[in-house]
Amino acid sequence: MADTKVGIVMGSDSDMGVMSKAAAVLEEFGIGYEMHIISAHREPDVFFDWAKGCEARGIKVIIAGAGMAAHLPGMCAALFPLPVIGIPMHTKSLGGRDSLYSIVQMPSGIPVATVAIDGGKNAGILAVKMLAMSDPELLAKLRTYTQEMKEGVEKKDARLQEVGYQNY
């Protein structure tokens, strides 16, 4: 695997199912990452040290997942000078809308690129796209990935046309 370029952070191990989807995409593209569970509220000193140290460790993009108050992505964006992608987590009380609004409604000057609720895979793909801007080899892999997605849809449509709608 390549040098570590992406930091993945979540506030709870309950977020692992979603965050592992981002990690799987990075692995598919051969992008190195580090993954941590850090609570910005319960261990702020640990969080500050981690976020402030990311750039020195070679991190180019942070993917941060959070639920409810969804403090983690915004705090990453406040402390880390490079892109932060926020993943709002589904919550029992408001279905993740609370997380979504908390992450997407950052104050001016502290942007967080925000994907859909539980959008781990898209967060991983967005990180790949950000890194591909300065990496022609990675951009070629991304183009191949996109072409393979297109071909997959075309094969499904061909099958549908072949067997008929009711037999699919």
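**Reasoning about burial, contacts and helix crossing**

User: Why is Asp118 called partly exposed?

Analyst: In this predicted model, Asp118 has a relative accessible area of 31%.

User: What does Thr91 touch, and which backbone atom does its side chain reach?

Analyst: Leaving aside residues up to four places away in sequence, Thr91 touches Gly67, Met68, Gly96, Asp98 and Ser99. Its side chain reaches the backbone nitrogen of Gly96 at 3.0 Å. A polar contact is a pair of N or O atoms within 3.5 Å, and the distance to Gly96 is 3.0 Å.

User: Why is Pro111 called exposed?

Analyst: Pro111 has a relative accessibility of 63%. Exposed means over 50%, and Pro111 is therefore exposed. Pro111 is found in the loop between α4 and β5. From C-alpha to C-alpha, Pro111 and Ile85 are 9.2 Å apart in space, although 26 residues apart in sequence.

User: Which residues of helix α2 are buried, and what do they pack against?

Analyst: In α2 (residues 44-53), the buried residues are Phe47, Trp50, Ala51 and Gly53. The elements against which the buried residues of α2 pack are β1 (4-10), β2 (32-37), β3 (61-66) and α3 (71-79).

User: What makes α2 and α3 oblique to each other?

Analyst: The axes of α2 and α3 cross at roughly 50° and come within 9 Å. Angles under 35 degrees count as roughly parallel, and those from 65 to 115 as roughly perpendicular. The crossing angle lies between these ranges, and the two helices are therefore oblique. The crossing of α2 and α3 is right-handed. From α2, the contact is made by Phe47, Phe48, Trp50, Ala51 and Lys52, and from α3 by Leu72, Met75, Cys76 and Leu79. The residues of this contact comprise eight nonpolar, no polar and one charged.

How values were computed
Residues numbered from 1 in each chain as written. Predicted model: local features only at pLDDT ≥ 70, side-chain atom pairs only at ≥ 80, totals over all residues. Heavy atoms only, no water. Polar contact = N/O pair within 3.5 Å; in protein donor to acceptor, adjacent residues only side chain to side chain. Contact = heavy atoms within 4.5 Å. Buried < 20%, exposed > 50% of the residue type's maximum accessible area, 1.4 Å probe, protein only. Helix = DSSP H or I, 4+ residues; strand = E, 2+ residues; numbered from the N terminus. Axes fitted to C-alpha atoms, helices over the stretch in contact; angles between N-to-C directions. Parallel < 35°, antiparallel > 145°, perpendicular 65-115°, else oblique. Left-handed = near helix turned anticlockwise from the far one by under 90°. Nonpolar A, V, L, I, M, F, W, Y, C, P; charged D, E, K, R; others polar.
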